[in-house]
Amino acid sequence: MFKYIQIDEQSRIPKYRQIVDSIIHNISTGKLKIDEKIPSINSFSEEYLLSRDTVEKAYNILKERKIISSIRGKGYYVTRTQLISKVNILFLINKLSTYKMQIYNSFINSIGANSHTDLHIYHCDDSLFLNLLDKNIRAYDYYVIMPHFKTDDLKHLSFTDEAVKAINTIPDDKLVIMDNNKLRIKGNCIEVYQDFENDIYNALKDGLPKIKKYQKLVLVFPENSMHPYPRRILHGFRKFCAEFSIAFEILGEIYDDIILKKGDLFITIEEADLVNLVNQIRDKEFALGEDIGVISYNDTPLKELLGITVISTDFKMMGQTAAQMILNKKKGKVKNPFNFIDRESV
């Protein structure tokens, strides 16, 4: 194996990174085969005059990513079959939700069989995001990132300075930004995004003929969610209500004993609030879609089945568009469609 591994003494890339990158490259080109034994840590360090700690750090990274494995008493072996002759993609999302998985599944279905995608979730946590990126930098052909972060008091951030700095180390031709593109990213990469402020404004404007039937528009915007939402949603909502002189109120959640009045139209974001609201409307014998209206933010198959009116981006198209841009080697910004979908709850 030694004849395939190259260590550049003059490079600014840490030597353990060079070992990781070189082994991955040689697996992907077929020079290293599955189940092939690779040298021990001691043998590697002696061959290249490297410290044992440097080689061990590289091997640990490869083991974490299941590219190599160790067998007690026998040594280290190549195990990662997916790297061979495939486009390798790291897919970083901020939370595990129905909507994010719709995007991911659509992306996987569109990108084709000649690829391997690793999915990681960083829970809007800047430190976890940076750790995941650091462990996997230079190891993939593409990095698909949905950037949503949070402050200590659970406010939404489109970016942190540290996250932007890390993302900017990814070459343009390997970077795909999805969903939220309010970042200070250098160069020209792939961006498939939502425009949160104008999307809600335009969608509500499309639904204006029905919305005008109601006396008050109530947005339930979760202020302290573990996965906070962009405050641009609030800005677009207020802009719509001000322009069309619609009375409005903003609540943090649907309370168990919320006061409901005929003529209210609610917009819910979190599913727990939607369920709680619909249950209370039924318990208090209001007619859903007549006495009280409900619009939900982000569509799901269940909402379609239940006849819940939604304002939503097209998650399936977002995944398809990103995949097609990768396959066609295109760059640039694409705004994803966002629609008012009229059903029985308004």
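Tutor: Let us start with Phe338, keeping in mind that this is a predicted model: Phe338 has a relative accessible area of 10%, and because anything under 20% counts as buried, Phe338 is buried.

Student: Which ring pairs with Phe338, and how are the two planes set?

Tutor: The partner is Tyr297, with the ring centres 5.8 Å apart and the planes at 50°, so the pair is described as tilted. Tyr297 lies in strand E14 (residues 293-297) and Phe338 in strand E17 (residues 338-341), so the pair ties together parts that are 41 residues apart in sequence.

Student: And Tyr297, buried or exposed?

Tutor: Tyr297 counts as buried, at 2% relative accessibility.

Student: How many aromatic pairs does the structure hold?

Tutor: The structure holds 13 aromatic pairs. One of them joins Phe237 and Phe248, and this pair is edge-to-face, with 5.6 Å from centre to centre and 90° between the planes. Phe237 sits in helix H9 (residues 232-243) and Phe248 in strand E12 (residues 248-251), so far as the sequence goes 11 residues apart.

Student: What about accessibility for Phe237 and Phe248, buried or partly exposed?

Tutor: Phe237 counts as buried at 0% relative accessibility, whereas Phe248, at 36%, counts as partly exposed.

Student: Which residues make up an aromatic cluster?

Tutor: Phe44, Tyr48, Tyr59 and Tyr76 form one aromatic cluster.

Student: Where do lysines sit over rings?

Tutor: The charged end of Lys57 sits over the ring of Tyr16, at 4.1 Å from the ring centre, and Lys239 lies over the face of Tyr201, 4.5 Å from the centre of that ring.

Student: Tyr201 and Lys239, which helices are they in?

Tutor: Tyr201 is in H7 and Lys239 is in H9, and both are listed in the contact where these helices meet. From H7 (residues 196-206) the contact takes in Phe196, Glu197, Asn198, Ile200, Tyr201, Leu204 and Lys205, and from H9 it takes in Arg232, Ile233, His235, Gly236, Phe237, Lys239, Phe240 and Glu243. Phe237, the ring that pairs with Phe248, is thus also part of the contact with H7.

Student: What is the geometry of H7 against H9?

Tutor: Helix H7 and H9 pack at an angle of about 35°, with their axes 7 Å apart, and the crossing is right-handed. By class, the contact has 7 nonpolar, 3 polar and 5 charged residues.

Student: What follows H9, and where is Ser245?

Tutor: Ser245 is in the loop between H9 and E12. Its phi is near 50°, a positive value in a residue other than glycine, and Ser245 is exposed, with a relative accessible area of 69%.

Student: Now another helix pair: how do H4 and H12 pack?

Tutor: Helix H4 (residues 98-111) and helix H12 (residues 315-327) pack at an angle of about 35° with their axes 7 Å apart, and their crossing is right-handed. Among the contact residues are Tyr99, Ile103 and Phe107 of H4 and Met318, Ala322 and Ile326 of H12. The residues of this contact divide into 10 nonpolar, 6 polar and 1 charged.

Student: And Lys329, where is that?

Tutor: Lys329 lies in the loop between H12 and strand E16 (332-335). Lys329 has a positive phi of about 55° although it is not a glycine, and with a relative accessible area of 71% it is exposed.

Student: Switching topic, what does Val220 touch?

Tutor: Leaving aside residues up to four places away in sequence, Val220 touches Leu251, Gly252, Glu253, Ile254, Phe266, Ile267, Thr268, Ile269 and Asp273. Val220 lies in strand E11 (residues 216-220) and counts as buried at 0% relative accessibility.

Student: Last one, what about the chain as a whole: how many helices and strands are there?

Tutor: There are 12 helices and 17 strands in the chain, and 52% of its 346 residues count as buried. The C-alpha atoms fill a box of roughly 80 × 40 × 35 Å, taken along the principal axes. Among contacts between residues at least 6 apart in sequence, 70% join residues at least 24 apart.

Terms used
Residues are numbered from 1 along each chain as its sequence is written. This is a predicted model: local features need pLDDT of at least 70, side-chain atom pairs count only at pLDDT 80 or more; totals for chains, interfaces and linings use all residues. Side-chain values use heavy atoms; hydrogens and water are left out. Rings of Phe, Tyr and Trp (its six-membered ring) pair if their centres lie within 6.5 Å; planes under 30 degrees apart count as stacked, over 60 as edge-to-face and the rest as tilted. Helices (H or I, at least four residues) and strands (E, at least two) are DSSP runs, numbered from the N terminus. Buried means under 20% relative accessible area, exposed over 50%, partly exposed in between (1.4 Å probe, protein chains only). A charge sits over a ring if NZ of Lys or CZ of Arg is within 6 Å of the ring centre and within 35 degrees of the ring normal. Axes are lines fitted to C-alpha atoms, for helices over the stretch in contact, and angles run from 0 to 180 degrees between N-to-C directions. A crossing is left-handed if the near helix is turned anticlockwise from the far one by less than a right angle, and right-handed if clockwise. Contact means heavy atoms within 4.5 Å. Ala, Val, Leu, Ile, Met, Phe, Trp, Tyr, Cys and Pro count as nonpolar, Asp, Glu, Lys and Arg as charged, and the others, Gly among them, as polar.
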